[in-house]
Amino acid sequence: MNFSAVILAGGKSSRMGRDKAWLEIDGESLLARLIKMARALGALEVFLSGRTDADYSGFGCDVLHDKYVNAGPLAGIERALNAMRSPLLLVLAVDLPAMKPDLLLRLAAGSSSLGAIPCVNGRLEPLAAFYPKTAHELAEDHLQRGLLAVKDFAGRCMQMGLAHRVEFPASESRFFASWNSPADLTRAAVANSFSHES
């Protein structure tokens, strides 16, 4: 499959209190882990939607900065859709520590130029999804009108026939769980210690 990828790492991480991109899992930053995953899956190019105050020079990726300031993840998606050279864009939020390559492969199965939005237990997961290059105009339109919710953008992509919904069982919801606050890190550490004891 011919696709590009963007790692969304430009958020303020206000609830976490520090930049989530540099949080580590098994000795590797979340950002490095997802870049490696995107490359292993065969992305032709990997972009970083990053912060202006961070140094990403060690990752060997083109860094994109939002055209629409303080507009959330959709602004990062818009920049990547604009810059990409492939028909499809894999979007990954940086704070997905449990994301697995095989899940993304299943998501992409059957897609060539049509996007794929995962739905887990009735809930769309638009920050671990494939979007088509042809959705760029729609993303720009949403941003210009102040419609910043990525779920709304994903829903509109499906309504317009630019993407389709891919159902995943509720048991796989853990792969889409994000690290948003220090409490999430505490829970992850406890779960990890139990898994090592058993």
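**View A. Glu172 in its loop.** Glu172 lies in the loop between strand 10 and helix 6 (182-197), where helices (H or I, at least four residues) and strands (E, at least two) are DSSP runs, numbered from the N terminus. The model shown is predicted, so that local features need pLDDT of at least 70 and side-chain atom pairs count only at pLDDT 80 or more, while totals for chains, interfaces and linings use all residues. Residues are numbered from 1 along each chain as its sequence is written, and side-chain values use heavy atoms, with hydrogens and water left out. Glu172 counts as buried, because its relative accessibility is 12% and buried means under 20% relative accessible area, exposed over 50% and partly exposed in between (1.4 Å probe, protein chains only). Residues up to four places away in sequence not being counted, Glu172 touches Arg106 and Val120, contact meaning heavy atoms within 4.5 Å.

**View B. Helix 3 and its cover.** In helix 3 (residues 101-108), the buried residues are Leu103, Leu104, Leu107 and Ala108. Seen down the axis of helix 3, these buried residues fall within an arc of 135 degrees, so they line one face of the helix; the arc is that of the directions from the helix axis to the C-beta atoms. The cover over the buried residues of helix 3 includes helix 1 (30-40), together with strand 6 (88-93), strand 7 (115-120), strand 9 (128-132) and strand 10 (163-168).

**View C. The aromatic pair of Trp22 and Tyr56.** The structure holds five aromatic pairs, for which rings of Phe, Tyr and Trp (its six-membered ring) pair if their centres lie within 6.5 Å, planes under 30 degrees apart counting as stacked, over 60 as edge-to-face and the rest as tilted. Trp22 and Tyr56 form a stacked pair, at 6.0 Å centre to centre and with 15 degrees between the planes. Trp22 lies in the loop between strand 1 (3-8) and strand 2 (24-25), and Tyr56 in the loop between strand 4 (46-49) and strand 5 (62-64), so the pair ties together parts that are 34 residues apart in sequence. Trp22 counts as partly exposed at 37% relative accessibility, whereas Tyr56 is buried, with a relative accessible area of 4%. Trp22, Tyr56 and Phe59 form one aromatic cluster.

**View D. Gly50 and its contacts.** Gly50 is found in the loop between strand 4 and strand 5, and Gly50 is buried, with a relative accessible area of 8%. Not counting residues up to four places away in sequence, Gly50 touches Ala9, Gly10, Tyr56, Val63, Leu64 and His65. From Gly50 to Val6 the C-alpha to C-alpha distance is 10.0 Å, although the two residues are 44 residues apart in sequence.

**View E. The crossing of helix 2 and helix 4.** The axes of helix 2 (residues 73-83) and helix 4 (residues 136-144) come within 9 Å and cross at roughly 145 degrees; axes are lines fitted to C-alpha atoms, for helices over the stretch in contact, and angles run from 0 to 180 degrees between N-to-C directions. The contact is made by Leu74, Ala75, Glu78, Arg79, Leu81 and Asn82 of helix 2 and by His136, Ala139, Glu140, His142 and Leu143 of helix 4. Within helix 4 lies His142, which is buried, with a relative accessible area of 5%. Leaving aside its neighbours within four places in sequence, His142 is in contact with Leu74, Leu147, Asp152, Phe153 and Arg156.
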